[in-house]
Amino acid sequence: MKVWGRADSTNVKKVLWCADELGLDVEHQPLGGRYGGLDEPVYREMNPNGLIPCLQDGDLVLWESNAIVRYLGAQYGAGRVYASDPKRRAGADKWMDWASTTLVGAYKDWFINRVRKTTETRDSAAMERGLRVLREQLAVADRALAGQPYLSGDDFGMGDIPLGCLSYPWFELDDQRPDLPHLEAWYHRLAERPAYRHRVMIEIS
């Protein structure tokens with residue numbers, strides 16, 4: 001099994017974290033960003049979008065991070081990361097898609113300007129707009145976590161992975177955050193997981 005993509009990419013973190021949770025032996029090939037290689041014909045043949053991550057597992061080549069997480073869970077973690085009960089699995093699916101659609105645009109506005117731009121190149125209006133949306137929408141997850149320990153339900157699962165990857169910079173950077181105690185407690189539960197510390201809690205860049 002092989003995964004292409006730079007380790008500090010949020011979407012690559014999802015896949016590597018999931019693989020570690022399942023104890024899978026994965027060859028990781030850094031690609032994209034400072035490593036380049038996204039336009040190489042060999043890579044474009046695997047992923048015509050020229051994005052990361054990309055997974056190869058035997059004769060299967062798969063892109064889109066949430067699809068990869070779902071595949072790994074179904075193939076190697078049924079009953080663990082990937083709930084066997086369709087209703088529980090649908091609940092986890094909901095949070096995966098929510099994080100990747102409702103949150104990601106605002107997260108990029110905040111994170112890219114906060115971390116990757118200089119004072120001179122920063123779009124402060126976009127950063128503030130993203131921060132405002134994040135504060136509003138993360139309260140939705142906080143309310144859900146008031147009644148269950150994980151977004152996936154009673155146990156950790158794939159529904160926790162996308163938001164878990166976004167949450168590390170959110171909690172570790174020094175911006176003022178609203179008081180979301182259930183979300184914070186959930187984050188600390190994730191931080192106790194060795195795979196999360198290894199794959200997600202790395203240098204923010």
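This note comments on the aromatic ring pairs of the structure.

1. The model is predicted: local features need pLDDT of at least 70, side-chain atom pairs count only at pLDDT 80 or more, and totals for chains, interfaces and linings use all residues. Residues are numbered from 1 along each chain as its sequence is written, and side-chain values use heavy atoms, with hydrogens and water left out.

2. Rings of Phe, Tyr and Trp (its six-membered ring) pair if their centres lie within 6.5 Å; planes under 30 degrees apart are stacked, over 60 edge-to-face, and the rest tilted. By this rule there are 11 aromatic pairs. Trp17 and Phe156 form a tilted one, with 5.5 Å centre to centre and 35 degrees between the planes. Trp17 belongs to helix 1 (residues 10-21) and Phe156 to the loop between helix 5 (124-145) and helix 6 (161-172), so this pair ties together parts 139 residues apart in sequence. Helices are DSSP runs (H or I, at least four residues), numbered from the N terminus.

3. Trp17 also pairs with Tyr196, edge-to-face, at 4.8 Å centre to centre and 65 degrees between the planes. Tyr196 lies in helix 8 (residues 194-199), 179 residues from Trp17.

4. Buried means under 20% relative accessible area (1.4 Å probe, protein chains only). Trp17 is buried at 0%, Phe156 at 9% and Tyr196 at 0%.

5. Ring pairs link Trp17, Tyr150, Phe156, Phe171, Tyr187 and Tyr196 into a cluster. A charge sits over a ring if NZ of Lys or CZ of Arg is within 6 Å of the ring centre and within 35 degrees of the ring normal. Arg189 lies over the face of Tyr150, 5.7 Å from the ring centre, and Arg193 over that of Phe156, at 4.0 Å.

Key:
Helices (H or I, at least four residues) and strands (E, at least two) are DSSP runs, numbered from the N terminus. Buried means under 20% relative accessible area, exposed over 50%, partly exposed in between (1.4 Å probe, protein chains only).
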